[in-house]
Amino acid sequence: MKKNDTSRALQTRIVHSQDEITPGFESFAAPVTRASTVVFPDLATVRALDWRDDSQWRYGLHATPTSAMLTQRLAQIEGGDYALLQPSGLSAISNVYFGLVKAGDDVLIPDNVYSPNREHGDWLARDFGITVRYYDPLIGAGIADLILPATKLIWLEAPGSVTMEVPDVRAITTAARARNVVTAIDNTYSAGLAFKPFEHGIDISVQALTKYQSGGSDVLMGATITKDHALHLKLKQARMRLGIGVSSDDCSLVLRALPSMKARFEAHEKSAFALASWLKTRGEIAAMLHPAFEDCPGHASFVRDFTGAGGLFSVVFDERYTPAQIDSFCEALELFALGWSWGGSHSLVMPYHVTSMRTAANWPHRGTLVRFYVGLEDEADLRADIEQALATLA
Ligand SMILES: *Cc1c(COP(=O)(O)O)cnc(C)c1O
C-alpha cells in the first residue's frame with residue numbers, strides 16, 4: 001500500500017504498513033527483525049525456495065536477519081563456516097544427535113560429559129535403538145580400540161565442566177577421522193575464544209550461548225558450528241524437522257553482549273586464577289582441578305591447546321570433611337550463589353557427588369568436589385568470602 005492511501009479504511013491502513021523508514025539512520029545496535037511469516041515478492045521466489053540455501057529467507061523459525069547476524073559472528077569466533085542456533089545449549093546437543101545418529105548406530109561419550117548430555121544419550125539408548133558407550137576422557141589415542149563399524153559419533157568435552165579433565169583432542173580426532181567417525185565437542189568452557197576446535201580436527205562445535213556469550217544469566221541459547229557443508233546441512237535438516245528456532249529478541253541480547261565477551265572472559269580468568277592459586281595452598285583442599293594447574297588431569301593438553309581458562313574451576317576437599325560439612329561450607333558463602341550455569345557477572349558455587357555421575361573412568365578422589373564459577377565481583381571480597389566460609393569448617 002502506498003503512503004497516505006486514504007482510499008482504504010483506517011483499520012486496513014493500520015494493519016498494512018505504510019511506513020517508509022527514513023534513510024540515514026545508523027546505530028550500533030543489531031536490528032531486531034521479528035517474524036513468523038516471511039513475505040515473498042512473488043510466487044517464482046516461493047517456487048525457487050531450497051532449504052539448503054542459507055541466503056534465502058523462508059520462515060521466521062528457520063532464520064531472520066538478526067539470527068543470521070548472530071550465526072555469522074559465532075562462526076567467526078569459533079573459526080568455523082556455518083552456525084545454527086537452538087533455544088538452549090542442551091537442544092544444540094540434541095540437534096547433533098538427531099542430525100547424525102539413527103537406530104543401530106553407536107555413539108561414544110566421555111565419562112565426564114555435561115550430565116544432561118549423558119541423560120540424552122541414555123534416553124536414545126533406551127528408547128531409540130542406539131548404543132551408547134562411555135569412555136575415559138583421558139583415553140587419548142586409545143579411543144581407536146573402542147571404535148566399531150557402527151560408531152557414527154564421538155562426543156568430546158574439553159575440559160569436562162565439573163571434573164575438568166582435559167582430553168587429548170588431537171589424538172581422539174585423528175583416530176576418529178581414520179575411521180570416518182564424526183566428532184562433536186562441547187566447547188562451552190572456552191566460549192570459542194580459548195580453544196579453536198577446527199584447528200584440532202573437530203567436525204562440530206557446540207556452544208551453550210547461555211554462558212559467556214549471553215553474559216547476563218538471563219538468556220538461554222545454544223549453537224552448533226561446522227566447517228563441512230554436508231554436516232551443516234544434516235544438522236540444518238534435523239533442526240528444521242524438529243521445529244527448532246530462537247527468538248530474534250534473544251539473539252539481539254547475545255549480539256549485545258558479544259563485543260565485551262573477550263574482556264569479560266579475561267577478567268573472569270584473572271580472578272579465578274588468583275583465587276585458585278590461593279585456595280590451592282589451603283589445608284582444607286586436597287586437589288585443585290583448574291586446567292592451568294599441574295594437579296588437573298590433562299594439564300599438558302591444556303597447555304598445548306588452550307590460550308585461556310575463563311572463570312570456572314573445581315576443588316576436591318580433604319576427605320576428613322563430610323558431604324554435609326561441604327554443603328554447609330557452600331551455604332555459608334555469601335557472594336557465591338547456589339545455582340546452575342555460569343558465564344554471568346555473579347559468582348556461583350555447587351557441590352557434586354562425582355562417583356554417582358560416572359560409569360567408565362575411575363574417580364580417584366574421596367573428598368567432595370566443589371565447583372566455583374568466579375564472577376565479576378571484586379576479587380579480594382570473593383577471597384574474604386571463601387575464607388569466612390572455610391572458617392566454619394574448623
Ligand atoms: C550449560 C551447559 C550446557 C547447556 O546449556 P543450556 O543452555 O543451559 O541448556 C551444555 N554444556 C555445558 C558444558 C554447559 O555448561
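Biologist: In which loop is S217 found?

Modeller: This is a predicted model, in which local features need pLDDT of at least 70 and side-chain atom pairs count only at pLDDT 80 or more, while totals for chains, interfaces and linings use all residues. Residues are numbered from 1 along each chain as its sequence is written, and side-chain values use heavy atoms, with hydrogens and water left out. S217 is found in the loop between strand 6 and strand 7; helices (H or I, at least four residues) and strands (E, at least two) are DSSP runs, numbered from the N terminus.

Biologist: What is the phi of S217, and is S217 buried or exposed?

Modeller: Most residues other than glycine have a negative phi, and most peptide bonds are trans. Phi of S217 is near 55°, a positive value in a residue other than glycine, and S217 is exposed, with a relative accessible area of 58%; buried means under 20% relative accessible area, exposed over 50%, and partly exposed in between (1.4 Å probe, protein chains only). M164 has a phi near 70°, also positive in a residue other than glycine, but M164 counts as buried because its relative accessibility is 0%.

Biologist: Where is M164 placed, and which peptide bond is cis?

Modeller: M164 lies in the loop between strand 4 and helix 6. The peptide bond from A158 to P159 is cis, with omega near -15°, and P159 is placed in the loop between strand 4 (151-157) and helix 6 (169-178).

Biologist: How is a pair of aromatic rings described?

Modeller: Such a pair is described by the distance of the centres and the angle of the planes. Here rings of Phe, Tyr and Trp (its six-membered ring) pair if their centres lie within 6.5 Å, and planes under 30 degrees apart count as stacked, over 60 as edge-to-face and the rest as tilted. By this rule the count comes to 17 aromatic pairs. The ring centres of Y212 and W342 are 5.4 Å apart with planes at 65°, so this pair is edge-to-face. The pair links distant parts of the chain, 130 residues apart, with Y212 in the loop between strand 6 (204-208) and strand 7 (222-226) and W342 in the loop between strand 10 (337-338) and strand 11 (348-352). Both Y212 and W342 are buried.

Biologist: Which residues form one aromatic cluster?

Modeller: The cluster is formed by F313, F317, Y321, F329, F336 and F372.
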